[in-house]
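User: I am new to reading protein models, and I would like to go through one slowly with you. Could you take my questions one at a time?

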Amino acid sequence: MKLPVINIAVIAPTGAGKTALISTVCDYIKKKSNMADGYTLEIANKAAAELNTFKNQLQGKLAAMNIEFDAKLIKGTQECTEYMFSINFEANGETIKQPFKILDIPGAYINKPYEYENTDEYKKFISHLNESRILWIPIDTPILMETPSNQTKGFSEMQRHTANLEDFVRQWAQFAAKNNVTDYCDFVLVKCETYFSQGRTNSNNQCRSRFDESYSKLVTAIREENTEDKIACVAVETIGPIKVNKAQWTDDGNCVVNYTITNTTQKIAGADCLLNDALNVAKESAEVEINKMRLSMVSEAKTLSKNKEKLKKDLQDNIDNATRRKHELSNLYSKQEEAEREIEKKKGLPLFKVLIEKLLKYFFPSWGITTLEELLEKKRYTEACIGSVEDEISRLKSQYDEIDQMQVLTSNELEKVQNDIAGIDKLIVHFEKLGNRTPNSIYYHQL
């Protein structure tokens, strides 16, 4: 069984870390693909399986052990790319798949949407955004933290586009409100190792304070459009153990961040928090599917019962009518036999021909037959009609029996639907268990 795809939209300006985030999530999925918790994670398309360009570029930079990142370090995404993964469960002897689709977009769509709004790729992005139950907004944590708080110097190019982001998040929240669903928005702090590694509580709190200063308008915009949406700030370590040394601001508003690298192993801490929100959405989606299946099953059962009774009534009426015709024909045949016997008795009597005519006129006044041969012909025809009606009655009774057999087959189909429902019920139990594992993690903060 395969449940409907759940869309995940990723929006941020160029260089904010969209591809880095998706790469980290896919790495997490690969590493957890054989967990023995009653479910598996699966990379489900070639693009996601081969998402290594960012990682290779990053590992090359990490080899120096002391690097600088700027917005031009990694070439931005040039077109929309879909990444698919799924969460798989075994229930009632079959695999239930919950697929997810992530869309990575060019950051230029956020920087300068007016330049792309008439292109097919941009329209594809908008359609995906509107239909997404989950929204990820990557935020470059070092730039967030190292921007001077008075913002009099080198105001980040990325943060200049929060007004455009606000338009997109409002549209996303409006679509959710229109469809009466609860969606999830995660502001994802990437490259956050300096501020969110375990035990750095003070930096963690400072980071969230700076997030509130810079992104509170976006949080407010979502709440204004849909109070039911769930919003969180989620930190995801996308590089490895690092320390931010300093940040230098260029004249064009870009921030060049100098890091000390303590280990070249890319980390994935915090990615599980994003997947927990995905599990919560999957749980809600599965519940919707169960309700649809139950309503469909009830409706099908009612329709089946109604149609069955109507078919049975129509067939019974036809059987009754055919039985009456057979009774009438049988009576006629008996009368014809009686006339034939009377004629046999009068053979050899004077005026035999006249007597036959009178006798036949008595038995069959409107037929106009006058001879024994004509009577015998009518009798053969009546006998044939009786045989035909008997065949019709037999056929109608067979159809009547077939209706009951159809009911048995449909009941089997309904039983399969009930089994599917039971399987998704078990799936929801898994979602409830897995979707609430890390709400108090330092990497996850409900807003």
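User: Is Tyr 122 buried or exposed?

Analyst: This is a predicted model, in which local features need pLDDT of at least 70 and side-chain atom pairs count only at pLDDT 80 or more, whereas totals for chains, interfaces and linings use all residues. Residues are numbered from 1 along each chain as its sequence is written, and side-chain values use heavy atoms, with hydrogens and water left out. A residue is called buried under 20% relative accessible area, exposed over 50% and partly exposed in between, using a 1.4 Å probe and protein chains only. Tyr 122 has a relative accessible area of 8%, so the word for Tyr 122 is buried.

User: How many residues apart in sequence are the parts that the pair of Tyr 109 and Tyr 122 ties together?

Analyst: The rings of Tyr 109 and Tyr 122 are edge-to-face, at 5.3 Å centre to centre and with 75 degrees between the planes. Tyr 109, which is buried with a relative accessible area of 4%, belongs to the aromatic cluster that also holds Tyr 116, Tyr 122, Phe 125 and Phe 168. Because Tyr 109 lies in helix 4 (residues 108-111) and Tyr 122 in helix 5 (residues 120-130), the parts tied together are apart in sequence by 13 residues.

User: Which residues of strand 7 point the other way from Tyr 184, Asp 186, Val 188 and Val 190?

Analyst: In a regular strand the side chains alternate between the two faces of the sheet. Strand 7 (residues 184-190) is mostly covered, with 7 of its 7 residues buried. Tyr 184, Asp 186, Val 188 and Val 190 point one way, and the residues that point the other way are Cys 185, Phe 187 and Leu 189.

User: What is the bridge partner of Ile 137 in strand 7?

Analyst: Two strands pair if DSSP finds at least two bridges between them, and 7 bridges join strand 6 (residues 132-140) to strand 7, the two running parallel. Strand 6 is mostly covered, since 9 of its 9 residues are buried. Along this pairing Asp 140 stands opposite Val 190, while the partner of Ile 137 is Phe 187.

User: Which residue of strand 8 stands opposite Leu 189?

Analyst: Strand 7 also pairs with strand 8 (residues 230-236), in the parallel sense and over 7 bridges. Here the residue opposite Leu 189 is Ala 235.

User: Which residue of strand 6 stands opposite Val 10?

Analyst: Strand 1 (residues 6-10) and strand 6 run parallel and are joined by 4 bridges. In strand 6, the residue opposite Val 10 is Trp 136.

Methods: Rings of Phe, Tyr and Trp (its six-membered ring) pair if their centres lie within 6.5 Å; planes under 30 degrees apart count as stacked, over 60 as edge-to-face and the rest as tilted.
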